[in-house]
Each structure stands twice: as structure tokens, then as C-alpha cells.
Amino acid sequence: MSRFMTFELPNLGYAYDALEPHLDALTMEIHHSKHHQGYTNKLNAAIAGTEMEGKSIEDILASHMDNGAVRNNGGGFYNHTLFWSSMSPNGGGAPTGDLAAAIDASFGDFTSFQQAFAQAAMTRFGSGWAWLCQTDSGLEICSTPNQDNPLMTGIGCGGTPLLGLDVWEHAYYKKFGPGRGDYIAAWWNVVDWGAVASRMN
Ligand code: MN3
């Protein structure tokens with residue numbers, strides 16, 4: 001037994017069917033209980049017995065990109081944790097307060113932000129993620145391949161991740177088939193803007 005805590009699959013905080021009709025229950029269950037559990041298990045295996053044991057996931061991701069198992073599974077662990085906690089059955093609508101002001105300042109208005117974010121998500125070829133990040137110069141949109149994320153250095157996508165959208169086919173194919181755009185349009189209805197705003201510095 002390791003003397004350190006290992007990473008654990010987080011609870012969703014809502015039922016698998018709670019995001020219906022926008023995101024379907026079967027996809028949510030498989031995505032969380034199989035995919036995210038798999039990343040979690042493989043991350044724990046990859047760090048077992050190394051100096052990474054006991055470190056935060058943020059610290060691990062910032063400095064171990066050369067380790068493929070850690071990069072892929074640590075990214076998968078972090079990204080999905082952020083993803084689940086960015087959605088709510090009571091989500092949707094538009095942000096308010098400081099987040100709304102920051103979006104307006106960086107993108108013009110909320111509709112323009114949504115269009116730019118969806119464009120980043122649509123044009124990510126193959127599997128990956130679209131991100132909204134807070135940087136020293138304001139909010140930025142970027143995308144990453146595979147399970148890379150803005151905490152990793154030198155990938156052209158940086159800052160504090162505020163919101164991430166999974167555009168792997170496993171996130172949408174059962175309900176939407178190849179219709180990634182339909183998935184993105186549905187997903188806006190469950191985004192928890194309060195949770196997103198809480199990540200701002
Ligand atoms: Mn996924």
C-alpha cells in the first residue's frame with residue numbers, strides 16, 4: 001500500500017440522467033464510470049512509487065509532459081473533473097458579474113464568445129478539448145489534442161482553465177452521432193456559469 005493518497009474518481013454531484021435531454025444518461029454513465037475511472041486508475045499506476053506520489057494534479061501536469069502515461073491519464077483525470085463540475089441540471093443561460101464583464105471585454109459580447117468557443121471546439125481535429133482560460137491579458141479561447149490541457153507548458157494554450165469542453169467522440173456519439181455541432185449547442189444548456197466564475201482569480 002502506498003503511504004500517499006491516490007487520486008479518486010470524483011462524484012458528479014448529480015445523477016447520470018440529470019442533464020437530460022441535453023446530454024444522455026448512458027453517455028454520462030459510461031463517460032464517468034468507465035472513461036474517467038480508467039484515466040484515474042492509470043494515473044495512479046503511472047505515479048506509484050515515483051516522486052509524483054502525493055503531489056497535486058496541477059503540479060504533476062505542469063512538469064511531467066515527457067511521461068506519456070502521466071500526460072494522457074493525468075490530463076484525462078483533471079480534464080474530466082473540471083468538465084463534470086462545469087455542468088449542472090440548473091445550468092445554461094448566460095454568465096453574470098465579473099465573468100460576464102470579462103467575457104464582454106475579451107470577446108465583445110456573450111454571443112460572440114459562444115461562436116468563437118464553438119469554432120474552437122468544431123475545428124479541433126480528432127479528439128481533444130476546447131478551453132476558456134484566464135490569462136494576464138484577459139480571457140482566451142484555445143483547444144488542445146488528446147487529454148492535453150492549459151496547465152501543461154509549451155502547448156500554445158495556457159492560463160487558468162475556467163471551462164473545458166470534451167470533444168472526443170465518446171462524449172457525444174451515442175446521442176449525436178457525428179454531429180459535434182449539435183452536441184455543442186446542447187451543452188450550452190447545462191453549463192454552470194457560477195462554477196466557471198468561481199475559478200476566476
Ligand atoms: Mn472524455
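Modeller: Happy to. One term before we start: a residue counts as buried when its relative accessible area is under 20%, and as exposed when that area is over 50%. Also keep in mind that this is a predicted model.

Biologist: Thanks. How many disulfides does a search of the whole structure find?
Modeller: The search of the whole structure turns up one disulfide. Cys142 and Cys157 form it, with their sulfur atoms 1.8 Å apart. The pair links distant parts of the chain, 15 residues apart: Cys142 is in strand 2 (residues 138–145), and Cys157 is in the loop between strand 2 and strand 3 (160–166).

Biologist: Which handedness does the link of Cys142 and Cys157 have?
Modeller: The link is right-handed, with 50 degrees about the S-S bond.

Biologist: And is Cys157 buried or exposed?
Modeller: Cys157 has a relative accessible area of 5%, so it is buried.

Biologist: Which way do strand 1 and strand 2 run, parallel or antiparallel?
Modeller: Antiparallel, with eight bridges joining strand 1 to strand 2. The two strands form a hairpin with two residues between them. Along that pairing, Trp129 has Thr144 of strand 2 as its bridge partner, and Gln134 has Leu139 of strand 2.

Biologist: How many bridges join strand 1 to strand 3?
Modeller: Six bridges join strand 1 to strand 3, and this pair is antiparallel as well. One of the bridge partners is Gly164 in strand 3, which pairs with Trp131.

Biologist: Switching topic: what coordinates the manganese ion?
Modeller: The manganese ion is coordinated by His31 (NE2), His80 (NE2), Asp166 (OD) and His170 (NE2), at 1.9 to 2.2 Å. His31 lies in helix 1 (residues 25–47) and Asp166 in strand 3, so this pair ties together parts that are 135 residues apart in sequence. Both His31 and Asp166 are buried.

Biologist: How are the donor residues spaced in sequence?
Modeller: The spacing for the manganese ion reads H-x48-H-x85-D-x3-H.

Biologist: Which domains does the domain assignment give?
Modeller: The assignment gives domain 1 (25–85) and domain 2 (97–198). Their contact takes 20 residues from domain 1 and 21 residues from domain 2. The centres of the two domains, taken over C-alpha atoms, are separated by 19 Å.

Biologist: In the largest nonpolar core, which residues touch the most other members?
Modeller: Met87 and Trp187 do, in a core of 57 residues. Domain 1 and domain 2 both give residues to this core, so it lies between them.

Biologist: What does Met87 touch?
Modeller: Leaving out residues up to four places away in sequence, Met87 touches Tyr14, Leu19, Leu23, Met28, Trp187, Val190 and Asp192.

Biologist: Last one: where is Ala46, and is it buried or exposed?
Modeller: Ala46 is in helix 1. Its relative accessible area is 19%, so Ala46 is buried. With residues up to four places away in sequence left out, Ala46 touches Met52, Ala69 and Val70.

Biologist: And how far is Ala46 from Leu12?
Modeller: Ala46 and Leu12 are 24 Å apart in space, C-alpha to C-alpha, and 34 residues apart in sequence.

Key. Residues numbered from 1 in each chain as written. Predicted model: local features only at pLDDT ≥ 70, side-chain atom pairs only at ≥ 80, totals over all residues. Heavy atoms only, no water. Disulfide = S-S within 2.5 Å. Helix = DSSP H or I, 4+ residues; strand = E, 2+ residues; numbered from the N terminus. Buried < 20%, exposed > 50% of the residue type's maximum accessible area, 1.4 Å probe, protein only. Pairing = 2+ DSSP bridges. Core = buried A, V, L, I, M, F, W, Y, C linked by side-chain atoms within 4.5 Å. Domains from an automatic or database assignment. Contact = heavy atoms within 4.5 Å. Donors = N, O, S within 2.8 Å, 3.2 Å for Na, K, Ca; no water.
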